[in-house]
Amino acid sequence: MYDPGDAVLIPDWIKFGAAKWADKEVVNDVFVRGIDFMIKERIIVLATSDEIQNREIIIPEWFRNNASWWSQDNIDNKTFAKGLEYLINHRIIQV
């Protein structure tokens with residue numbers, strides 16, 4: 001399993017998108033496309049990036065809470081990245 005270490009650098013502008021998704025102003029597939037972009041551009045490194053398939057994307061509510069907390073600096077980048085990694089590794093979201 002990938003261990004992002006103590007310092008995970010994720011640009012602050014990404015928190016804005018996470019906050020919008022956490023507040024249900026952005027739908028799941030748009031949020032996942034943003035994650036895919038970050039991986040493809042190597043902004044974050046979590047898994048091999050593949051094309052997103054056309055399917056309904058269901059993301060657990062606990063991760064919406066993580067996104068909200070992260071966007072408000074209540075959890076750190078490493079914690080947010082670990083949650084994202086869990087979703088990818090368990091194929092809950094595919095990027």
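Me: Is D73 buried or exposed?
Reply: D73 counts as exposed, at 54% relative accessibility. The labels go by relative accessible area with a 1.4 Å probe, protein chains only: buried is under 20%, exposed is over 50%, and partly exposed is in between. Bear in mind that this is a predicted model, where local features need pLDDT of at least 70, side-chain atom pairs count only at pLDDT 80 or more, and totals for chains, interfaces and linings use all residues. Residues are numbered from 1 along each chain as its sequence is written, and side-chain values use heavy atoms, with hydrogens and water left out.

Me: OK. Which residue forms a salt bridge with D73?
Reply: That's K15, with the closest N and O atoms 2.1 Å apart. A salt bridge here means a side-chain nitrogen of Lys or Arg within 4 Å of a carboxyl oxygen of Asp or Glu.

Me: And where do K15 and D73 sit?
Reply: K15 is in helix α1 (residues 12-22) and D73 is in the loop between α3 (61-71) and α4 (77-89), so the pair ties together parts 58 residues apart in sequence. Helices are DSSP runs of H or I, at least four residues, numbered from the N terminus. K15 itself is buried, at 11% relative accessible area.

Me: How many salt bridges does the structure hold?
Reply: Five. One of them joins D36 and K40, at 3.1 Å from N to O. Both lie in helix α2 (residues 28-40), four residues apart, about one turn of the helix.

Me: What about E25, which side chain does it meet?
Reply: E25 meets K20 in a salt bridge, 2.9 Å from N to O. E25 is exposed at 51% relative accessibility, and K20 is partly exposed at 28%.

Me: Switching to packing: how many residues are in the largest nonpolar core?
Reply: It has 21 residues, and those with the most contacts inside it are F31, I35, I59, F63, W70, F80 and I93. Such a core is a set of buried Ala, Val, Leu, Ile, Met, Phe, Trp, Tyr and Cys residues joined through side-chain atoms within 4.5 Å.

Me: Which helix gives the most to this core?
Reply: α2, with five residues. Still, α1, α2, α3 and α4 each supply at least two.

Me: Last one: what is F63 in contact with?
Reply: Setting aside neighbours within four places in sequence, F63 is in contact with W21, F31, F80, G83, L84 and L87. Contact means heavy atoms within 4.5 Å.
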